[in-house]
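Please read the following report alongside the sequence and the three-dimensional model.

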Amino acid sequence: MTWSKWPGGEEEASIIFSELGKTDVDYIHISDDDATTPGFGEGTMTMSEVAKKYAGKPVIACGRLGDPEKAEAVIKQGKADFIAIARQALANPDTPNRVKNGEGLQAFDGKAILTPKAYVKDFELEM
């Protein structure tokens, strides 16, 4: 048996997303561990691809897309309509400007950013 994130696999997901597509939701946000990996076992579509294919709604993909080239590939391949970044945005609140200007991105340092408690720090405001 092939492992799947959904017990009913891609078939079950297609039914759920098809029904969701009939509602008046404006978009679907898929958060996955890695938005570029197969969602239902080897050789299957990603979770965002299935949502996009069957719901017919705009899809936001999230999950290890902090690398701009990886994120761009998801969009260019039609696997999602938008990209959400979490850790990358925490590490680089100015990510869009850095990418646009060809500047490097800082690695996410959870300890520096989130401890002793999560709040906006002076060095982040300077970015």
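Among contacts in the protein chain between residues at least 6 apart in sequence, what percentage join residues at least 24 apart? In this predicted model, the share is 51% of the contacts between residues at least 6 apart.

**The chain as a whole**

The protein chain holds 7 helices and 3 strands, and, read from the N terminus, these elements follow the order α-β-α-β-α-β-α-α-α-α. The C-alpha trace extends about 50 × 30 × 30 Å along its principal axes. Of the 127 residues in the protein chain, 34% are buried. The accessible surface amounts to about 8,200 Å², and carbon and sulfur atoms account for 53% of that surface. As for charge, the chain carries 15 positive and 21 negative side chains, and the centres of these two sets are 2 Å apart.

**Helix H2 and its surroundings**

Helix H2 covers residues 47-55, and its buried residues are Met-47, Ser-48, Val-50, Ala-51 and Ala-55. Viewed down the axis of H2, these buried residues fall within an arc of 160°, so they line one face of the helix. The cover over the buried residues of H2 includes helix H1 (9-21), strand E1 (28-31) and strand E2 (59-62). After H2 comes Gly-56, which has a positive phi, near 70°.

**The largest nonpolar core**

Which residues touch the most other members of the largest nonpolar core? In this core of 18 residues, they are Phe-17, Ile-28 and Ile-30. At least two residues of the core come from each of H1, E1, H2, E2 and helix H3 (68-76), and H2 makes the largest contribution, with 4 residues.

Ile-28 shows in detail how one of these core members is surrounded. With its neighbours within four places in sequence left aside, Ile-28 is in contact with Phe-17 and Leu-20, with Ala-51 and Ala-55, and also with Lys-57, Pro-58, Val-59 and Ile-60. Two of the residues named here, Ala-51 and Ala-55, are among the buried residues of H2, while Phe-17 is itself one of the core members that touch the most others.

The table gives the relative accessible area of each.

| Residue | Relative accessible area | Class |
|---|---|---|
| Arg-64 | 46% | partly exposed |
| Asp-67 | 41% | partly exposed |
| Glu-72 | 42% | partly exposed |

Arg-64 also stands out in its backbone, as its phi is positive, about 55°, although the residue is not a glycine.

For the other two residues, separations between C-alpha atoms relate them to other parts of the chain. How far apart are the C-alpha atoms of Asp-67 and Leu-105? They are separated by 8.8 Å, with the two residues 38 apart along the chain. Glu-72 and Gly-8, by comparison, are 64 residues apart in sequence, and their C-alpha atoms lie 30 Å apart in space.

Terms used: Residues numbered from 1 in each chain as written. Predicted model: local features only at pLDDT ≥ 70, side-chain atom pairs only at ≥ 80, totals over all residues. Heavy atoms only, no water. Buried < 20%, exposed > 50% of the residue type's maximum accessible area, 1.4 Å probe, protein only. Contact = heavy atoms within 4.5 Å. Areas by Shrake-Rupley, 256 points an atom, 1.4 Å probe, with all protein chains shown as cover. Lys, Arg positive; Asp, Glu negative; His and termini not counted. Charge placed at Lys NZ, Arg CZ, Asp CG, Glu CD. Arc of directions from axis to C-beta. Core = buried A, V, L, I, M, F, W, Y, C linked by side-chain atoms within 4.5 Å.
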